[in-house]
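User: I have a structure open and would like to learn how to read its features. Could you walk me through them?

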Amino acid sequence: MMKSGFLAVTALLAALFAGQRAAEAGPTLDAVKARGQLVCGIHTGIAGFALPDARGTWQGMDVDLCRGLAVALFNDPNKVRFQPLSSSTRFTALGSGEVDVLFRTSTHTMLRDVTLGLRAVTPYFYDGHGFMVRANSGISKAAEMAGATICLIQGTTNEQVTADFFRSNNLQFTPVLFERTDQAAGALQNNRCDSFGTDASQLAATRASMPSPSDWTILSERFSKEPYGPYVRRGDDEWFDLVRWYVNALMEAEEQGITSANVDEMKEKATNPNTRRLLGVTPELGQALKLDPAWAANAIKKMGNYAEIYDRTMGPATPVGLARGPNELWTKGGLLYPLPMR
């Protein structure tokens with residue numbers, strides 16, 4: 001009698017827990033599947049992250065991460081619609097349901113994470129605030145820019161970082177705010193500003209797109225931590241988990257040496273349990289996310305692992321020309337530390 005009573009209580013607790021999980025699960029995954037398309041919020045235009053090519057096709061790291069997520073969901077990189085969003089409208093657009101996820105050079109900060117009704121998912125790119133000036137300006141460090149007019153993008157962390165730096169050093173400056181990066185770059189080239197302040201990767205992308213990149217210098221100092229990551233709406237744990245582990249899978253694939261070229265062979269021949277789980281030979285990871293067991297293998301095959309995406313969008317062989325630096329794996333001295341997928 002006591003045993004049956006214990007089993008009944010256990011079953012009741014399990015049912016209550018399952019009901020709680022169901023209540024916590026949000027509607028995003030079901031809505032995306034019903035629509036048959038992912039809607040991804042991206043930058044309005046910055047080389048390396050999101051920029052249309054000559055044919056009008058979006059290219060860049062954030063774009064490829066969106067396409068890879070579409071592959072994980074539908075095994076089709078084209079089942080995604082890109083929604084370009086400005087810095088000042090991106091979080092409102094996500095919160096209102098205009099997009100399903102943001103992959104949009106968005107820094108993870110505490111106040112964004114806890115006050116906007118959104119969740120910062122997991123970092124996929126590490127950066128820091130910097131300044132770009134004319135190469136012939138004679139300026140070698142930010143403290144020499146007293147009284148400068150500085151171009152900034154409205155609605156970014158760079159506004160506060162710049163203000164904090166000048167205030168803490170008792171220096172004056174004049175901010176000039178713009179909605180888009182291309183507007184700030186144009187103002188800088190037209191001498192409306194003495195400097196452009198934003199994250200170093202975006203400064204490198206802006207410089208690469210200028211008619212004479214050698215006319216511009218990016219100061220070596222960094223004034224903030226800017227970890228970029230996707231954002232989703234708060235309260236949808238199921239979708240949060242899916243996006244989080246999708247990003248992690250691309251890093252884990254690089255760490256395991258799984259590439260778009262060898263993923264089929266690895267799937268067929270691998271004996272390592274971690275590799276077999278990641279590639280869906282054993283199905284538990286896909287089942288946990290309500291995806292096909294091959295969700296990660298499909299994304300890697302069509303879009304590549306993290307290194308492949310980085311190298312073709314902003315690596316040393318691209319016009320942006322950024323070395324991996326902090327965006328290397330932890331085994332190579334970087335900050336990327338894939339979480340165990342088991």
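This is a predicted model: local features need pLDDT of at least 70, side-chain atom pairs count only at pLDDT 80 or more; totals for chains, interfaces and linings use all residues.

User: Let's begin with the cysteines. How many disulfides are there?

Analyst: A disulfide is read from the distance between two cysteine sulfur atoms, which must lie within 2.5 Å. The count here comes to two disulfides. In one of them, the sulfur atoms of Cys40 and Cys66 are 1.9 Å apart. The other joins Cys151 to Cys193, with an S to S distance of 2.0 Å. Counting bonded cysteines along the chain, the pattern is 1-2, 3-4.

User: Why is the disulfide of Cys40 and Cys66 called left-handed?

Analyst: Look at the torsion about the S-S bond: for Cys40 and Cys66 it is about -65°, so this disulfide is left-handed. The link of Cys151 and Cys193 has 90° about the S-S bond and is right-handed.

User: Which parts does the pair Cys151 and Cys193 tie together?

Analyst: Cys151 sits in strand 9 (residues 148-153), while Cys193 belongs to the loop between helix 7 (181-189) and strand 11 (195-199), so the bond ties together parts that are 42 residues apart in sequence. As for cover, Cys151 counts as buried because its relative accessibility is 0%, and Cys193 counts as buried at 5%.

User: On to charges. How many salt bridges does the structure hold?

Analyst: The general idea is that side chains of opposite charge can pair when their charged atoms come close. This structure holds 12 salt bridges. One of them is formed by Asp64 and Arg312, whose closest N and O atoms are 2.8 Å apart. Asp64 lies in helix 3 and Arg312 in helix 14 (residues 306-313), so the pair ties together parts that are 248 residues apart in sequence.

User: Which residues are separated by about one helical turn in helix 10?

Analyst: Those are Lys269 and Glu265, which lie four residues apart in helix 10 (residues 263-269). They form a salt bridge with closest N and O atoms 3.6 Å apart. Lys269 is exposed at 55% relative accessible area, whereas Glu265 is partly exposed at 47%. Salt bridges can also share partners, and in that way Asp64, Arg67 and Arg312 are joined into one network.

User: Now the rings. How many aromatic pairs are there?

Analyst: For rings, check the distance between centres and then the angle between planes; an angle over 60 degrees counts as edge-to-face. The structure holds 14 aromatic pairs. Among them, Phe165 and Phe166 are edge-to-face, 5.3 Å centre to centre with 90° between the planes. Phe165 and Phe166 are both buried.

User: Which residues do ring pairs link into a cluster?

Analyst: The cluster is made of Phe49, Phe125, Tyr228, Tyr306 and Tyr310.

User: Last topic, cover and surface. Why is helix 8 described as largely enclosed?

Analyst: Count the buried residues: seven of the 10 residues of helix 8 (residues 200-209) are buried, so the rest of the structure largely encloses this helix. The buried ones include Leu203 and Thr206. For a contrasting surface view, turn to Met110, Leu111 and Val114, which make a nonpolar surface patch of about 350 Å². Leu111 is in helix 5 (residues 110-115) and counts as exposed at 58% relative accessibility.

Terms used
Residues are numbered from 1 along each chain as its sequence is written. Side-chain values use heavy atoms; hydrogens and water are left out. Rings of Phe, Tyr and Trp (its six-membered ring) pair if their centres lie within 6.5 Å; planes under 30 degrees apart count as stacked, over 60 as edge-to-face and the rest as tilted. Buried means under 20% relative accessible area, exposed over 50%, partly exposed in between (1.4 Å probe, protein chains only). Patches are made of residues with over 30% relative accessible area and no salt bridge: like charges are joined within 9 Å, nonpolar side chains (Val, Leu, Ile, Met, Phe, Trp, Tyr) within 5 Å. Accessible areas come from the Shrake-Rupley method with a 1.4 Å probe; for residues, only the protein chains shown count as cover. A salt bridge is a side-chain nitrogen of Lys or Arg within 4 Å of a carboxyl oxygen of Asp or Glu. Helices (H or I, at least four residues) and strands (E, at least two) are DSSP runs, numbered from the N terminus.
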